[in-house]
Amino acid sequence: MSDMPVTVRRSIELLGLCALGVVINVGQSVIMPLLMAVFLSLLLLPVLRWLRARHVPEVIAIALCIVLVLLIASGITAFLLYQIGGFLSDLDAIQTNLTAHWNSLSEWISAKTHFTMKQQMALIKQQGTGLSENISGYFRDAFSSVSNIFIFLGLLPIYIFLILY
């Protein structure tokens, strides 16, 4: 390869980088859980060694490590759900506050641009119509995201087990 001109070598390197990008993009649903499993396995390695030093069988020690990860993830999820519940309980106050701000903003726009509130509402409804036409695409993307999350969460414990074993 050293006898090739520099331009040919750089072209081959660029083609290799493009191929790597395509492989990463196509294999993203497998590569991301694998990378996360590697990082979590590195974090769990001291716990696994501690359990192995206490003469816990290897498979049981790995299962306990995975249960520990699940417990921590469940705790974080419970905390986030508690915070979202607090947010939802304040939703009426937030809606009242947003309505007041919307009205003052609409009045300010009307005063500065001579764009009446009716014209503003007509423009918003027109944009809303365009949004409703794309709603099926939004649902498709949401379904795809949720399914990717389930695949990620399903592969993660399997990869952690295989890496630690």
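This is a short talk on a few local features of one predicted model.

Some ground rules first. The model is predicted, with local features needing pLDDT of at least 70 and side-chain atom pairs counting only at pLDDT 80 or more, while totals for chains, interfaces and linings use all residues. Residues are numbered from 1 along each chain as its sequence is written, and side-chain values use heavy atoms, with hydrogens and water left out.

I will begin with the inside. The largest nonpolar core has 15 residues. A nonpolar core here is a set of buried Ala, Val, Leu, Ile, Met, Phe, Trp, Tyr and Cys residues joined through side-chain atoms within 4.5 Å. Buried means under 20% relative accessible area, exposed means over 50%, and partly exposed is in between, using a 1.4 Å probe and protein chains only. The residues with the most contacts inside this core are Leu44, Leu48, Cys65, Ile160 and Leu164. Which helices each supply at least two of its residues? They are H2, H3 (58–89) and H6. Helices are DSSP runs of H or I with at least four residues, strands are runs of E with at least two, and both are numbered from the N terminus. As general background, nonpolar side chains in soluble globular proteins tend to be buried together.

Leaving aside neighbours within four places in sequence, Cys65 is in contact with Leu44, Val47, Leu48, Leu51 and Leu164. Contact means heavy atoms within 4.5 Å.

Next comes Ser41, which is in helix H2. Is Ser41 buried or exposed? Ser41 has a relative accessible area of 4%, so it is buried. Not counting residues up to four places away in sequence, Ser41 touches Ile160, Ile163 and Leu164. Ser41 and Ile160 are 119 residues apart in sequence, yet their C-alpha atoms are 5.8 Å apart in space.

Ile163 takes us to the surface. Ile163 is found in helix H6 (residues 135–164) and is partly exposed, at 38% relative accessibility. Together with Met32, Leu34, Leu35, Val38, Phe39 and Leu42, Ile163 forms a nonpolar patch on the surface, with about 620 Å² of accessible area. Patches are made of residues with over 30% relative accessible area and no salt bridge, where like charges are joined within 9 Å and nonpolar side chains (Val, Leu, Ile, Met, Phe, Trp, Tyr) within 5 Å. The areas come from the Shrake-Rupley method with a 1.4 Å probe, and for residues only the protein chains shown count as cover. Helix H2 (residues 28–53) gives the largest share of the patch, six residues.

Most residues other than glycine have a negative phi. His55 is exposed, at 71% relative accessibility.

Now the aromatic rings. How many aromatic pairs does a search of the whole structure find? The search finds one. The pair is Phe161 and Tyr165, stacked, with 5.8 Å centre to centre and 10 degrees between the planes. Rings of Phe, Tyr and Trp (its six-membered ring) pair if their centres lie within 6.5 Å; planes under 30 degrees apart count as stacked, over 60 as edge-to-face, and the rest as tilted. Phe161 is partly exposed at 27%, and Tyr165 is exposed at 57%.

On to charges. The whole structure has two salt bridges by the search, each defined as a side-chain nitrogen of Lys or Arg within 4 Å of a carboxyl oxygen of Asp or Glu. One joins Arg10 and Glu13, at 3.2 Å from N to O. These two are separated by about one helical turn, because they are three residues apart in helix H1 (residues 6–26). Arg10 is partly exposed at 43%, and Glu13 is partly exposed at 41%. Another salt bridge joins Arg140 and Asp141, at 4.0 Å from N to O. Arg140 is exposed at 57%, whereas Asp141 is partly exposed at 44%.

Last, helix H4 (residues 91–113), where Ser106 is found. Ser106 is buried, at 6%, and is in contact with Met117 and Gln120, leaving aside neighbours within four places in sequence. Glu107 also lies in helix H4, but is partly exposed at 48%. The C-alpha atoms of Glu107 and Met117 are separated by 7.4 Å, with the two residues 10 apart along the chain.
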